[in-house]
Amino acid sequence: MTLDDLDYAILRALTTNADQSTTQLGEKLGLSQPATWRRVRRLQEAGVIAGRRLLLDAEKLGFGVTVFLGIKLATKGRVSLEDFERAVGAIPEVQTVDHVLGLYDYRLRVVARDLADFERVLRRRIMTMPGVGNVEANVLLSEERRPGPI
């Protein structure tokens with residue numbers, strides 16, 4: 001599928017606010033509602049728009065600490081990647097599990113109510129998992145969300 005400038009404008013607008021109607025989107029872009037709807041539908045059918053997500057504010061929900069963990073799997077015992085991913089994915093405080101290339105095998109985004117809560121999750125849930133070797137923690141101080149490369 002080849003995207004034109006109008007497709008990219010639609011994607012940028014939806015990245016900013018995915019809740020807007022095709023009428024609102026069309027008004028911003030100078031298109032009719034049906035033309036906007038057809039373009040959005042075509043982008044969805046082609047898989048360019050893979051879905052829409054609800055973003056929750058973790059801090060307002062009582063999770064004031066976000067920590068990024070780098071995890072290097074231990075070579076002894078050789079736990080399978082699928083087993084590790086399944087086990088770590090079952091921990092509710094783990095928001096993302098990224099298999100990465102570099103010093104660590106995985107990068108996790110973990111939320112906790114406070115540092116004591118994070119320590120509990122780390123000690124009781126993550127460090128006790130089979131296959132976990134080295135772990136490095138980086139506490140998030142601030143975050144600036146940026147739209148993608150569109």
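A search of the whole structure finds 12 salt bridges, a salt bridge being a side-chain nitrogen of Lys or Arg within 4 Å of a carboxyl oxygen of Asp or Glu. The model is predicted, so to speak of local features requires pLDDT of at least 70, side-chain atom pairs count only at pLDDT 80 or more, and totals for chains, interfaces and linings use all residues. Residues are numbered from 1 along each chain as its sequence is written, and side-chain values rest on heavy atoms, with hydrogens and water left out.

Side chains of opposite charge can pair when their charged atoms come close. Helices here are DSSP runs of H or I with at least four residues, strands are runs of E with at least two, and both are numbered from the N terminus. R41 is partly exposed, with a relative accessible area of 38%, whereas E45, at 60%, counts as exposed.

E93 is buried, at a relative accessible area of 12%, while R125 is partly exposed, at 32%. Beyond residues up to four places away in sequence, E93 touches R109, V110, V111, R120, V121 and R125, where contact means heavy atoms within 4.5 Å.

R109, one of the residues touched by E93, has a salt bridge with E143 (3.2 Å, N to O). E143 lies in the segment after β4 and R109 in strand β3, so this pair ties together parts that are 34 residues apart in sequence. R109 is buried, with a relative accessible area of 14%, and E143 is partly exposed at 42%. Elsewhere, D4, D7, R39 and R42 are linked in a network of salt bridges.

The strands come together in an open sheet of 4 strands, ordered β2-β3-β1-β4 and paired antiparallel. Two strands are taken to pair if DSSP finds at least two bridges between them. The edges of the sheet are β2 (94-99) and β4 (132-139), each of which pairs on one side only. From one strand to the next, the twist averages 20 degrees. Strand β1 (residues 65-73) runs antiparallel to β4, and 6 bridges join the two; L73 stands opposite V132 in β4. Helix α5 (residues 115-126) packs on this sheet, touching β1, β2, β3 (106-112) and β4, and its direction makes about 25 degrees with that of β1. For such angles, axes are lines fitted to C-alpha atoms, for helices over the stretch in contact, and the values run from 0 to 180 degrees between N-to-C directions.

Among the helices, α3 also holds T36, which is buried with a relative accessible area of 0%. Leaving aside neighbours within four places in sequence, T36 is in contact with T22, L25, G26 and L31. L29 lies in helix α2 (residues 22-29) and is partly exposed, at 24%. L29 touches L6, A9 and I10, again not counting residues up to four places away in sequence. From C-alpha to C-alpha, L29 and A13 are 9.0 Å apart in space, with a separation of 16 residues in sequence.

On the surface, L54, L56 and L61 form a nonpolar patch with about 360 Å² of accessible area together. Patches are made of residues with over 30% relative accessible area and no salt bridge; like charges are joined within 9 Å, and nonpolar side chains (Val, Leu, Ile, Met, Phe, Trp, Tyr) within 5 Å. The areas come from the Shrake-Rupley method with a 1.4 Å probe, and for residues only the protein chains shown count as cover. L54 is located in the loop between α3 (33-45) and β1 and, at 73% relative accessibility, counts as exposed.

Notes
Buried < 20%, exposed > 50% of the residue type's maximum accessible area, 1.4 Å probe, protein only.
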